[in-house]
Amino acid sequence: MEQRKQILQTAWELFVKYGVRRVSVLDICNEVHISKKTFYTLFASKEDLVDGLMNNECKSSVIVEAVENYPGNVIDYLQGSATKAQRMMEDKSTMNVLYDIEKYYPDVRARHAELKNKEVRAYTEAVIKKGQAQGVVRNDINFELIVAALSLLTPSAFRKIGKEKLCTPKDLIDLFLRMLLNAKGMEYYEQLLQSKKEEKL
């Protein structure tokens, strides 16, 4: 299992450095100092390796637990999520690898799209429930519409957003919050934005 993790880590580093298409199985084997025979006992193909990289260890239950166990206001939690997403989107190397996988391994992308949609659904539901319990999220939410909109945020979409400077993840979270929050939530959110502006001065 450790060797499998080492191969996945090395493959990711090489993909970041050279691009997914330019890195061969032999390149990865040479870097890890293993034979191709050893590689193929752990992975059926390069596509299987890419599939392993796309396997998200952060399952829906973990996502829900993280939201539920957050001690503060769910609005603060979402702001933290926006900061993490911003860092990822600004990391061009990571975004290029994800885009390459989406472009050159569509079957892998399709297999993982369903899992990603489940995670988006679980995350959104957990945020809404927590926000409603805290009295900051509206009770008349069109849940299916919000989940459908969030599911459109693929690596290609993020690439387009970043390239054309349409908006940032923080802008997307801002839009998401304005769809969800009630008057009490908006008051808290506006105060939070104001305090962040004052910190920058």
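Contact means that heavy atoms lie within 4.5 Å. This is a predicted model, in which local features need pLDDT of at least 70 and side-chain atom pairs count only at pLDDT 80 or more, while totals for chains, interfaces and linings use all residues. Residues are numbered from 1 along each chain as its sequence is written, and side-chain values use heavy atoms, with hydrogens and water left out.

Q: Which residues is Phe143 in contact with, leaving aside its neighbours within four places in sequence?
A: Phe143 is in contact with Arg121, Thr124, Glu125 and Ile128, once those neighbours are left aside. Phe143 itself belongs to helix H9. From Phe143 to Thr124 the C-alpha distance is 8.1 Å, although 19 residues separate them in sequence.

Q: What elements make up the chain?
A: The chain has twelve helices and zero strands. Helices (H or I, at least four residues) and strands (E, at least two) are DSSP runs, numbered from the N terminus. The C-alpha atoms fill a box of roughly 60 × 35 × 30 Å along the principal axes.

Q: Where is the kink in H8 centred?
A: The kink is centred on Ala113 and is about 30°. The bend at a residue is the angle between axes fitted to the seven residues ending there and the seven starting there. After H8 comes Gly135, with a positive phi near 80°.

Q: How do you know that the span of helix H6 agrees as well?
A: H6 holds 17 residues (74-90), so it should span 24 Å, and its end C-alpha atoms are 24 Å apart, which agrees.

Q: What makes Asn73 a cap of H6?
A: A side-chain oxygen of Asn73 lies 2.8 Å from the backbone nitrogen of Ile75, at the N-terminal end of H6. A polar contact is a pair of N or O atoms within 3.5 Å; within protein, one must be able to donate a hydrogen and the other to accept it, and residues adjacent in sequence count only if both atoms are side-chain atoms.

Q: Why is Gln79 called buried?
A: Buried means under 20% relative accessible area, exposed over 50%, and partly exposed in between (1.4 Å probe, protein chains only). Gln79 has 13%, so it is buried. Gln79 is in helix H6, and touches Ile173, Leu177, Tyr189, Leu192 and Lys196, not counting residues up to four places away in sequence. Other buried residues of H6 include Val74, Ile75 and Leu78.

Q: Why is Gly72 called partly exposed?
A: The relative accessible area of Gly72 is 27%, so this residue counts as partly exposed. Gly72 sits in the loop between H5 and H6. Leaving aside its neighbours within four places in sequence, Gly72 is in contact with Lys130 and Gln134.

Q: What makes the pair of Phe39 and Tyr40 edge-to-face?
A: Rings of Phe, Tyr and Trp (its six-membered ring) pair if their centres lie within 6.5 Å; planes under 30 degrees apart count as stacked, over 60 as edge-to-face and the rest as tilted. The structure holds four aromatic pairs. In the pair of Phe39 and Tyr40 the centres are 5.1 Å apart and the planes are at 85°, which is edge-to-face. Phe39 has 0% relative accessibility and therefore counts as buried, whereas Tyr40, at 39%, counts as partly exposed.

Q: Why is the pair of Tyr77 and Tyr123 called tilted?
A: Its centres are 6.4 Å apart and its planes 35° apart, which is tilted. Tyr77 lies in helix H6 and Tyr123 in helix H8, so the pair ties together parts that are 46 residues apart in sequence. Both Tyr77 and Tyr123 are buried.

Q: What makes a set of residues a nonpolar core, and how many residues has the largest one?
A: A nonpolar core is a set of buried Ala, Val, Leu, Ile, Met, Phe, Trp, Tyr and Cys residues joined through side-chain atoms within 4.5 Å. The largest has 25 residues, and Ile75 and Leu180 have the most contacts inside it. H6 gives the most to this core, with five residues. Apart from this core lies another, of 20 residues, among them Val23, Val25, Phe39 and Val108.

Technical notes. Expected span 1.5 Å × (residues − 1).
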